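Colleague: Could you take me through one part of this model up close? I'd like a single connected walk, starting from one side chain and moving out into its surroundings.

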Amino acid sequence: MRKAVHMAVTSVIVGLVVSGCGGGDGGKKESKPSGGATKATQAAQQSPSSGPSARGTVIERSAGSWKSIVAAKSADDLETLTVADGKVTAKGPKLDCTGTLKPGQKGGEDEPSLTLSCKGGSDGGRGQGTVGMKGDDALAINWKGPEGGFGGPIDSFRRAG
């Protein structure tokens, strides 16, 4: 009986190791161009977000109106965000917030900071955060959260319109 249990546990462990469990790539395989692909073909296949500095800074690209990707569930959620000339306005069911984007970098990447001040209730753990974009149609704000904490909320938006 003990030998059977030991063999079963060993089989499971070997199976996990062989399948790559915990490899950190999320199960995604990296696509590699075939040997006949030219540099021009490879450049054409890259996503448009591969060269953000050619299109402008995050502050410049974030200009416009944004809508939260999740429906507001509480009074301190944000529903909309508008960015114009580095000035930000955000609104939620009971929140009316204003703020300013300031240029910044982290790890060599363009990562502006946002300081937000809200009226109409709790700011939901916001106040200071960093803004990032994926492409031109996805914007996320990673809020710092309370002192000594593990971070605050993350607000994600899609371009409105």
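**From a buried arginine into the sheet**

Modeller: Let's start with Arg 61, which is buried, at a relative accessible area of 9%; buried means under 20%, exposed over 50% and partly exposed in between, taken with a 1.4 Å probe on protein chains only. Before going on: this is a predicted model, where local features need pLDDT of at least 70 and side-chain atom pairs count only at pLDDT 80 or more, while totals for chains, interfaces and linings use all residues. Numbering runs from 1 along each chain as its sequence is written, and side-chain values use heavy atoms, with hydrogens and water left out.

Arg 61 belongs to helix H4, residues 58-61 (helices are DSSP runs of H or I with at least four residues, strands runs of E with at least two, numbered from the N terminus). Its side chain reaches across to the backbone oxygen of Gly 135, at 2.9 Å. Gly 135 has a positive phi near 70° and sits in the hairpin of S8 and S9, with 3 residues between the strands.

That brings us to the strands themselves. S8 and S9 are antiparallel and share 6 bridges; two strands pair if DSSP finds at least two bridges between them. Within this pairing, Val 131 has Ile 141 as its bridge partner, and Gly 129 stands opposite Trp 143. On the other pairing of S8, strand S7 (residues 113-119) joins it antiparallel through 3 bridges, with Thr 115 partnered to Gln 128. S9 also runs antiparallel to strand S10 (residues 154-159), over 5 bridges, and there Ala 140 faces Ser 156.

Now look at the two sides of S8. In a regular strand, side chains alternate between the two faces of the sheet. In S8 (residues 128-134), Gly 129, Val 131 and Met 133 make up the covered face, and Gln 128, Thr 130, Gly 132 and Lys 134 the uncovered one.

Val 131 and Ile 141 turn up again in the lining of the largest cavity, along with others including Ser 62, Leu 81 and Leu 139. Strands S2 (80-84) and S9 (138-143) are the elements giving two or more residues to that lining. A cavity here is a set of points on a 1 Å grid over the protein atoms alone where a 1.4 Å probe fits but cannot get out, and lining residues have an atom within 4 Å of a point. The volume of this one is about 30 Å³, counted as the space filled by probe spheres set on the points.

Technical notes. Polar contact = N/O pair within 3.5 Å; in protein donor to acceptor, adjacent residues only side chain to side chain. 1 Å grid on protein atoms, 1.4 Å probe; cavity = no way out; pocket = protein on both sides within 12 Å on 5 of 7 lines; lining within 4 Å.
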